[in-house]
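Reader: Could you walk me through this structure, one part after another? I am new to this and will ask as we go.

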Amino acid sequence: MDRLDFIRQEMERLRNEGLFVNIRTIGSPQDAWTIVDGKRVLNMCSNNYLGFANHPELKAAAIKAIEDWGVGPAAVRSIAGTMSLHLELEQKLAEFKGAQGALSLQAGLIANLSTIPALVDEGDVIYTDQLNHASIIDGCRLSKAERFIYAHCDPGDLESKLKETRAGKRRALIITDGVFSMDGDIAPLPDIVELAERYDAMLMVDDAHGEGVLGRGGRGIVDHFGLHGRVDVEIGTMSKAFGVVGGYVSGRKEITEYLRQKARPFLFSSAVTPADVAACIKAVEILGRSTELVDRLWDNARYFKEGMKEMGFDTGRSQTPITPVMLGEAKLAQDFSRRLFEEGVFAMALGFPTVPRGMARIRVMISAAHSKEDLDFALATFGKIGKELGVLG
Ligand SMILES: *Cc1c(COP(=O)(O)O)cnc(C)c1O
């Protein structure tokens with residue numbers, strides 16, 4: 001009997017149930033084409049929506065920041081880690097989002113863990129969409145507030161939960177993803193805003209897959225619906241469309257200033273590095289000066305989705321560049337993904353428990369970095385494998 005036997009057993013269970021994650025190794029920068037496990041493939045897996053991950057202007061900004069500022073912040077933000085670079089990024093993000101304030105943190109996940117327990121505690125209540133991101137779930141677990149899960153994108157169910165449980169509680173917080181990463185659907189934010197106002201609840205939206213994608217020039221979901229000033233707080237990430245790494249909170253100034261005093265990851269974990277912050281600032285600047293990349297992203301998404309639908313594929317309920325290709329059984333999705341990879345297309349299969357049973361899919365992430373030729377190659381390859389595996393007639 002070894003005291004680590006439980007690990008061996010759990011790893012065996014993961015393998016037996018097909019849940020063991022095979023972690024691939026990337027051997028080149030993130031781009032339209034990327035070397036994956038030694039093979040050059042068309043990359044349809046990354047969140048590199050705008051091609052910023054290997055953008056020459058972002059790289060130059062990061063290199064210059066290392067020369068000017070060094071490599072490490074050497075402290076948490078609240079002691080000696082707040083450089084003027086961090087404040088510049090926060091100001092640029094607030095302007096870009098049309099928010100009163102912004103706070104830079106180490107990751108989007110960290111931003112959720114920072115914000116939720118700071119806003120609600122014992123005696124309070126959280127209403128959270130059934131398909132919210134794992135980091136929202138973990139943020140809720142760090143709070144002592146009571147939690148109610150409402151049906152996915154269903155304001156009717158949210159309202160009945162508010163009706164039943166809001167009275168008698170101190171503060172309430174409604175939390176939703178802006179864009180849901182498995183289906184690419186968009187939260188019905190105008191309805192949720194009204195419910196928040198009617199039932200005196202704070203409203204928090206995680207815009208991780210919306211910023212750089214939705215709204216004018218990628219300003220996000222609040223801009224997309226014209227709801228400026230009616231969402232209390234937004235969570236953002238610098239690791240998806242912005243192409244770097246890091247997270248942030250934007251919204252009402254009371255909240256972003258409060259978090260400088262209360263957010264535990266801000267107080268107890270070191271600041272983001274100068275190179276990352278400088279690259280993020282450059283990404284926000286580029287988006288601020290032109291909508292070209294965001295327009296190309298949407299053009300590419302439309303082109304790919306139309307091509308897939310014409311061939312007879314089901315792209316689910318996607319309203320964004322996240323394109324699920326619905327296949328049903330997990331085994332089929334895995335075989336499909338493996339065959340795509342052999343033919344030079346890197347796109348991930350998702351099965352239970354990431355998505356419900358019987359709703360396995362390949363998730364295709366479209367990028368502005370893809371050319372029309374890349375998308376034609378992807379469509380041809382999907383068509384070929386679709387016929388081979390009997391998905392298409
Ligand atoms: C990806 C994602 C995060 C995490 O962002 P990181 O910066 O990678 O930590 C948080 N929330 C949502 C909705 C996401 O999709």
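Author: We will look at a few helices, strands and contacts in turn. This is a predicted model, in which local features need pLDDT of at least 70, side-chain atom pairs count only at pLDDT 80 or more, and totals for chains, interfaces and linings use all residues. Residues are numbered from 1 along each chain as its sequence is written, and side-chain values use heavy atoms, with hydrogens and water left out.

Reader: Okay, at what angle do the axes of α14 and α15 cross?

Author: The axes of helix α14 (residues 330–342) and helix α15 (residues 372–388) cross at roughly 135° and come within 10 Å. Axes here are lines fitted to C-alpha atoms, for helices over the stretch in contact, and angles run from 0 to 180 degrees between N-to-C directions. Helices (H or I, at least four residues) and strands (E, at least two) are DSSP runs, numbered from the N terminus.

Reader: And which word describes how α14 and α15 lie to each other?

Author: They are therefore oblique to each other, given that angles under 35 degrees count as roughly parallel, over 145 as roughly antiparallel, 65 to 115 as roughly perpendicular and the rest as oblique.

Reader: Which residues of α14 meet α15?

Author: Phe336, Arg339 and Leu340 in α14 do, and on the α15 side they meet Thr381, Phe382, Lys384, Ile385, Gly386 and Glu388, where contact means heavy atoms within 4.5 Å. The residues of this contact of α14 with α15 comprise four nonpolar, two polar and three charged; Ala, Val, Leu, Ile, Met, Phe, Trp, Tyr, Cys and Pro count as nonpolar, Asp, Glu, Lys and Arg as charged, and the others, Gly among them, as polar.

Reader: What about α7 and α8, how do they lie to each other?

Author: The axes of helix α7 (residues 155–165) and helix α8 (residues 189–198) cross at roughly 10° and come within 10 Å, and α7 and α8 are therefore roughly parallel to each other. Pro155, Leu158, Glu159 and Leu162 in α7 meet Asp191, Ile192, Leu195 and Arg198 in α8, and the residues of this contact of α7 with α8 divide into five nonpolar, no polar and three charged.

Reader: Switching to sheets, in what order do β10, β12 and β13 come?

Author: The three strands form an open sheet in the order β10-β13-β12, with antiparallel pairing. Two strands pair if DSSP finds at least two bridges between them. β10 (322–328) and β12 (348–350) stand at the edges with a single partner strand each, so one side of each is left without a neighbour in the sheet. From one strand to the next, the twist averages 30°.

Reader: How many bridges pair β10 and β13?

Author: β10 and strand β13 (residues 360–365) pair over six bridges in the antiparallel sense, and glycine 328 has alanine 360 in β13 as its bridge partner. Helix α14 lies across β10, β12 and β13, running at about 35° to β13.

Reader: Is serine 181 buried or exposed?

Author: Serine 181 counts as buried because its relative accessibility is 12%; buried means under 20% relative accessible area, exposed over 50%, partly exposed in between (1.4 Å probe, protein chains only). Serine 181 lies in the loop between β6 (172–177) and α8, and it touches His209, Ile322 and Arg363, not counting residues up to four places away in sequence.

Reader: Last one, how many residues of β8 are buried?

Author: Five of the five residues of strand β8 (residues 233–237) are buried, so β8 is largely enclosed by the rest of the structure.
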